Amino acid sequence: MELAVSQRDTNILLREKNVLNPTVLDKYRLAGQVSQTCLTYLTSLINDSYHLGKHAPYSAAELCLLGDSYMKSALKNVYKNQVKEKGIAQPVTIDVNDVVVGYAPELDEESNITFKAGDIVTINLGCHVDGYTSNLAHTLVIYPPGVQSEDGSLKPTGPLLGTPADAVCAAHIASETVLALLGASLTPEKLPKSLNAGNSVTGSLIRSVVDSIAESFNCTVVPTSKVRRIRRFLAGQAEGVVAEREFKGVVWSEADQELRLLRQSSKFDEKDNQQIVTFDKAKNASVSSVSAIPSDEFVVSPGEVYMIDIKMAPSQTVDGPGLITLQAVDNITGKNHSNETFNPKPSVFVRDVAISHQLKLKTSRKLLTAIDRDLSVYPFKLSHVSSSFPMNLKKDISEQLKDIHKDMITARLGLSELTNRHLVITKPIQRARFLPLPIVLNTATSTGVKGFDAENPVLPGLELPLPRLGLTSLKLKTLLKSSKSVPVARELSTVVLNNGSNELIRLSGGSKTAKPSWVHSEFQLAGQYTQGISELIQLTQDARFGIKIKECQPMNIEFSSDATISGETEMQLD
Amino acid sequence: MPSKNSINKPKDNIIRQRKSLRRSSVRPVSKDRVESSDKPVKSTALAVYSGATLRSAKNLVQHTLSNKRAKKIERNQKYASARKLNTDQLLVDLAAQQEGSMDIDLEGKPETTSKKSSKIQEGVVRNALWAVVEDAAAGTFNVTVSGDGTTLGGPSF
């Protein structure tokens, strides 16, 4: 179903509103500032409770609710009566180890977890002002409780080692390098000659640089990683649900891993099999518009806003070659009585605005009205609809929690009708799995190429995970029972390529808020781009002649360490 | 038809009259008006995502194709292509008779060749990937670690 919008409105919404002028930049900066501050806040909560021992460990659900509450209240008083929509663009999700996206438990969630030492925890969040979005994700390491150092402060006992450390290193270096590449697109004459890039930054250059970094750390770029252009209200929040025209970005999928393995093979001659290498994505796409299908053939141009979302998983060396793929988990599929299995209930939803339906239940009609009135096209959680959200931490917390819980019980009833009628789409919780190659190769591909997995929507053109083998997503799903879990590190930052002042504005991430945790990998940069990457990183550090980068700084707020759900002290919000 | 005294009998009240009047007065918007106005055109399920905008597409129609008709068209196309193949075959036979030789190649149906080629292609891919598995088992792809490695961050929380 296509939304019909007149030509004039299309011009205003897609072109004029996305031109970077001082007002637009201010909105972007504010969104960046709030998301940065929220990350600082959550990091301080985790440090206080897990490392410094100032507080009992926070559970994932508590962290999510506190983060969401912070973002909502921080945006409450800005641009009052000036913009129609502002708020959370990505509810706080806390993804631990092999969970890649989407774990944001509600308070009554059964699988609600606290972290163990050695876990890698990814915080993902985002907010928007008038549709100008700043998303971020950062991977932290949970250490054992700190030990007293000579100067009296608590320090970690040592760096994280092993395969998770490889992933953290690869993700950090790859995202910083892509950021530098995007920055260099503003002044293409500064691009290092050793990259052989010519005079422009293209999608294929970004892909090959990231792939080479992954390879040197013995990692694989996890499917759904992407470096993409974002626009007002189009920050990739409904990918797979709504096909976005003029999609511009590099997207990694299982098909790229398939090609990489093929190129490793001694029995594969690339020159003879050009047809296999350049696979036509449009052939199997469920939409036929070429522009909605991601392709690497684009040039990064000044004046655009990009989202760098890199997820890395260590390749297994013990089990031989294989694929890294994603598995959606929920509270129903594969559930058994073992306490070991991870069966979280998906809690993040997104409204599909293209669908309308006359609902039967009064509660669902009420919920839909609330969603359409208060929330935007961005993902939301059920607790955001409650009248007690955001929580006022100056008042009695337990009362407010009870209210939120009470609102949620009725909302849950309504929500089931909304999801059944596809008015609201559930965002899946996905885990990374390693699938040994022999298992894939021993599978017959008799189901045909149309076996799309409708429950886990992907970007158009990527419906077939292994197009060269002809293996469908449904078939791949059945193989996952013989797969292993792998840890994933993720770094996401949003950058504005400001063509006015020829500088890159980093809205989220950066050395102040998202500094890398202490890790040590036994690998180091190798391959043909090593020289180019180190030159690029040097350019970003050179303030005078290098690539100009400005970071959005978090607001100066003293977070009280007792800002807790069970505590009675107050949290300063704005 | 309800009887004269039936409860269901529609009453000739004013509201009904007004409604029917309004219904009859609504006219479909003329084609020219749709094109000149800046209002959004009502979209239909057809030609969605075809890449063409509503304005630029000349041969875009506003009605949907029913499932039944789609099937029928598909079936008829199949018959038509079969007929075409028969005439091709006849022509080839004719040519063969005239020239008195038998080594004239008949161009097969394109669909079968593409299917066959995709099967061949899949076989090539499968063999190549098995080679990767075998090489790994033989220990060709062992990752070598050299240098001091990489350290990020520092000893602080």
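I took two strands as paired if DSSP finds at least two bridges between them. Helices (H or I, at least four residues) and strands (E, at least two) are DSSP runs, numbered from the N terminus.

This is a predicted model, where local features need pLDDT of at least 70, side-chain atom pairs count only at pLDDT 80 or more, and totals for chains, interfaces and linings use all residues. Residues are numbered from 1 along each chain as its sequence is written, chains are lettered from A and ligands numbered from 1 in the order in which they are written, and side-chain values use heavy atoms, with hydrogens and water left out.

I found β19 (residues 519-521) of chain A antiparallel to β1(B), with three bridges. A:Ser521 faces B:Thr150 of β1(B).

I looked up contacts (heavy atoms within 4.5 Å). 39 residues of chain B touch 56 residues of chain A. I then looked for salt bridges (a side-chain nitrogen of Lys or Arg within 4 Å of a carboxyl oxygen of Asp or Glu). The rule finds zero between chain B and chain A. On the side of chain B that touches chain A, α4 (110-137) and β1 (150-152) each supply at least two residues. α4(B) gives the largest share, 14 residues.

I called a residue buried under 20% relative accessible area, exposed over 50%, and partly exposed in between (1.4 Å probe, protein chains only). Five of the five residues of β8 (residues 226-230) of chain A are buried, so this strand is largely enclosed by the rest of the structure. β8(A) pairs antiparallel with β10 (residues 305-314) of chain A over five bridges. There A:Lys226 stands opposite A:Asp309.
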